[in-house]
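Trainee: I'd like to go through this one term by term, asking what stands behind each label. Can we take it slowly?

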Amino acid sequence: MSRIREGWGRYWSGRGRRGIELCGEFANMYCTVGIHPHEADAAEKGYLEELRKLAAAPCVLAIGEMGLDYHYDFSKRPAQQQRFEEQLELAGELGKPAVVHCREAFADGLAILKNRRNAENPVVFHCFGGNRSEARAVLDLGCFFSFTGTITFRKAELIQAVAGYVPLDRVLLETDCPYLSPEPKRNVRPNEPALLVHTAAKLAELRGVSLEEIAQVTTYNCRYFFGMDDIMDSVSKLD
Ligand SMILES: [Zn+2]
């Protein structure tokens, strides 16, 4: 664990910049910038200003991942909470969506969202892993769900029930690489976007609809959530 943590604080802004550089190298690539809860302790003073600068790049679609992770507790909980609150407010101020990582911290995460979120700002719970009542609370707050390869896993009845139940217009799909490759490719490393089709197929099966419908709806939701049509318009005007 300590090996994973080592150096994160020093490199987070470098990695944010690298993400933006990559977006410049590849067409149709976008990114987010943020302080992950694992890095909350290491975030340097002035990190919000740095994020604000990075977020000005047109390829930065959202702020995040931000949130709470009480499973690993790599950073102290008060620091995680504070970074989450600050970044939520920044996302609201910048009018950018927030990508939330919330693991084994649902009650605290919801409380922060209720208190600090700009109500008009879109929020997605990435790699959602909650139960039905937690899903209900996310719905009540008007937030989105993003599902990963975990919905394809055996013994994943709880999350499969949720993925089959929440309104499809609130659902996004994500790779969440390098881990969480979907069945039947679960042992493939690294996980990559090409494998997302298996997650989409599972969602189609759970909902009794076609794969094409899932592809169409989740693509639309993604473009809507991240405001990609506006961004693509403004980028093409720059050409
Ligand atoms: Zn995450």
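Trainee: At what angle do helix α8 and helix α9 pack, and how far apart are their axes?

Mentor: Some ground rules before that. This is a predicted model, where local features need pLDDT of at least 70, side-chain atom pairs count only at pLDDT 80 or more, and totals for chains, interfaces and linings use all residues. Residues are numbered from 1 along each chain as its sequence is written. Now, α8 (residues 196-207) and α9 (residues 211-225) pack at about 110°, with axes 8 Å apart. The axes are lines fitted to C-alpha atoms, for helices over the stretch in contact, and angles run from 0 to 180 degrees between N-to-C directions. Helices (H or I, at least four residues) and strands (E, at least two) are DSSP runs, numbered from the N terminus.

Trainee: Why is α8 called roughly perpendicular to α9?

Mentor: Angles under 35 degrees count as roughly parallel, over 145 as roughly antiparallel, 65 to 115 as roughly perpendicular and the rest as oblique. The angle here is about 110°, so α8 is roughly perpendicular to α9.

Trainee: Which hand does the crossing of α8 and α9 have?

Mentor: Right-handed. A crossing is left-handed if the near helix is turned anticlockwise from the far one by less than a right angle, and right-handed if clockwise.

Trainee: Which residues make that contact?

Mentor: From α8 you have A200, A201, L203 and A204, and from α9 L211, I214, A215 and T218. Being in contact takes C-beta atoms, placed from the backbone, within 7 Å of each other. By class, seven of the residues are nonpolar, one is polar and none is charged. For the classes, Ala, Val, Leu, Ile, Met, Phe, Trp, Tyr, Cys and Pro count as nonpolar, Asp, Glu, Lys and Arg as charged, and the others, Gly among them, as polar.

Trainee: What classes of residue make the contact of α4 with α5?

Mentor: First the geometry: the axes of α4 (residues 77-94) and α5 (residues 106-116) come within 10 Å and cross at roughly 35°, again with a right-handed crossing. Q81, F84, E85, L88 and E89 in α4 meet D108, I112 and R116 in α5. That contact has three nonpolar, one polar and four charged residues.

Trainee: And how do α3 and α4 pack?

Mentor: At about 35°, axes 11 Å apart, and the crossing is right-handed. L48, L51, R52 and A55 of α3 touch E86, L90 and L94 of α4. Five of those residues are nonpolar, none is polar and two are charged.

Trainee: R52 is in that list. What makes R52 count as buried, exposed or partly exposed?

Mentor: A residue is buried if 20 or more other C-beta atoms lie within 10 Å of its own, exposed if 12 or fewer, and partly exposed in between, with C-beta atoms placed from the backbone. R52 has 14 such neighbours, so R52 counts as partly exposed. R52 sits in α3 (residues 47-55), and its C-alpha is 9.9 Å from that of E93, 41 residues away in sequence.

Trainee: How do you know whether K155 is buried or exposed?

Mentor: K155 has 6 C-beta neighbours inside 10 Å, so K155 counts as exposed. K155 is in the loop between β5 (144-147) and α7 (157-163).

Trainee: Where are cis peptide bonds found?

Mentor: One joins G64 and E65, with omega about 0°, and E65 is in strand β2. Another joins E183 and P184, omega about 5°, and P184 is in the loop between β6 (171-173) and α8.

Trainee: What makes a set of residues a nonpolar core?

Mentor: It's a set of buried Ala, Val, Leu, Ile, Met, Phe, Trp, Tyr and Cys residues joined through C-beta atoms within 7 Å. The largest one here has 49 residues, and I63, A98, V100, V124, F125, F145 and F147 touch the most other members. Strand β2 (residues 60-69) gives the largest share, six residues.

Methods: Contact = placed C-beta atoms within 7 Å.
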